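Trainee: Could we go through this structure together, one term at a time? I would like to learn what stands behind each label.

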Amino acid sequence: MRIFRPKVVCSLAVSLFLLLGGCSSSTGLVKAGGDVFAQSEIHRLTQDPENVTHYQPMSIQELTPLLPSSFQSRIRSMDKTKLPFPVEKEMAYLVSFSPGSEKETRYQLQLTYTQNNEVPITENFFILRMTETDENPLAHVKPSASGLDSFGNVMRVEPLTDEITFYHHIITTNSSYVYNFYKYDDKNHAVNLIVTNAHEMEFYDQGIFYHLAYHTGSNQLDPTLHDQMVALAKDLISVRS
């Protein structure tokens, strides 16, 4: 069993390079260094990504009009006042990749809301990650009869719609799955992968795997907080009714 210490955060090493003149006049995007790829440890993609390309993060407002059409129609403005902490920093990360040996380009989008911009970020964050994938990583997942995951944490399974199942992992012990997310290194102009722990929510809808995570500095079970975060997730994401 993995014993995870919330305050210990690892910044994974990445290959760093500076891309000068990388701004595309057709897209307005600037390439960044790094070849890391963030995904769920609980429900991984069925094919490992290749040809990973990062772009310099922007504010969510700046990046939204530059996004692929598959994401444009899925994003709604979030009411940040509904988060349990004041949002002082928000950033959007876009990543392109190829699933397995396929040459077709797919995209992943991460929206990050944090209370501050310090490194490492270990608490008071809300992160939404959307990944294009044809295969549903949750297709063969069966709910635990005990209502707990393999670490003894709460695992809630509920219908988001008639066709979409929502998986909610709530940390209540000192052990948990690893959660990772993107963080930009301004000095080296590269995207790194930060590893920590978090409460996680996942579901799949129409070619996109949604992975949401949040941490508020406590592993105590707070039903009101977790219900609030589920409601926020439902408001934030455009899903079929």
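Trainee: How many bridges join strand β6 to β12, and do the two run parallel or antiparallel?

Mentor: Good place to start! This is a predicted model, in which local features need pLDDT of at least 70 and side-chain atom pairs count only at pLDDT 80 or more, while totals for chains, interfaces and linings use all residues. Residues are numbered from 1 along each chain as its sequence is written, and side-chain values use heavy atoms, with hydrogens and water left out. Now to your strands: β6 (residues 125–132) is joined to β12 by 8 bridges, and the two run antiparallel. One of the partners is H215 in β12, bridged to F125.

Trainee: What makes β6 and β12 a pair?

Mentor: Two strands pair if DSSP finds at least two bridges between them. With 8 bridges, β6 and β12 pair. The strands themselves are DSSP runs (E, at least two residues), as helices are (H or I, at least four), numbered from the N terminus.

Trainee: In what order do the strands of the open sheet come?

Mentor: The 9 strands follow the order β2-β3-β4-β5-β6-β12-β11-β8-β7, with antiparallel pairing. At the edges stand β2 (31–32) and β7 (154–159); each has a single partner strand, so one side of each lacks a neighbour in the sheet.

Trainee: Why is the contact of E90 with K80 called a salt bridge?

Mentor: A salt bridge needs a side-chain nitrogen of Lys or Arg within 4 Å of a carboxyl oxygen of Asp or Glu. Here the closest N and O atoms of E90 and K80 are 3.2 Å apart, so the pair qualifies. E90 lies in strand β4 (residues 89–99) and K80 in the loop between α2 (69–72) and β4, 10 residues apart. The whole structure has 5 salt bridges.

Trainee: Which residues are linked in a network of salt bridges?

Mentor: E104, R106 and D134 are. The side chains of E104 and R106 meet at 3.3 Å, N to O, and those of R106 and D134 at 2.8 Å. Since R106 is in strand β5 (residues 106–114) and D134 in the loop between β6 and β7, the second pair ties together parts that are 28 residues apart in sequence. R106 is buried at 8%, D134 is exposed at 58%, and E104 is partly exposed at 47%.

Trainee: What makes the phi of H189 worth a look?

Mentor: Most residues other than glycine have a negative phi. For H189 the value is positive, near 55 degrees. H189 sits in the loop between β9 (179–185) and β10 (190–196), and 35% relative accessible area makes H189 partly exposed. Q206 also has a positive phi, near 50 degrees. Q206 is found in the loop between β11 (199–205) and β12 (208–215), and is partly exposed at 46%.

Key. Buried means under 20% relative accessible area, exposed over 50%, partly exposed in between (1.4 Å probe, protein chains only).
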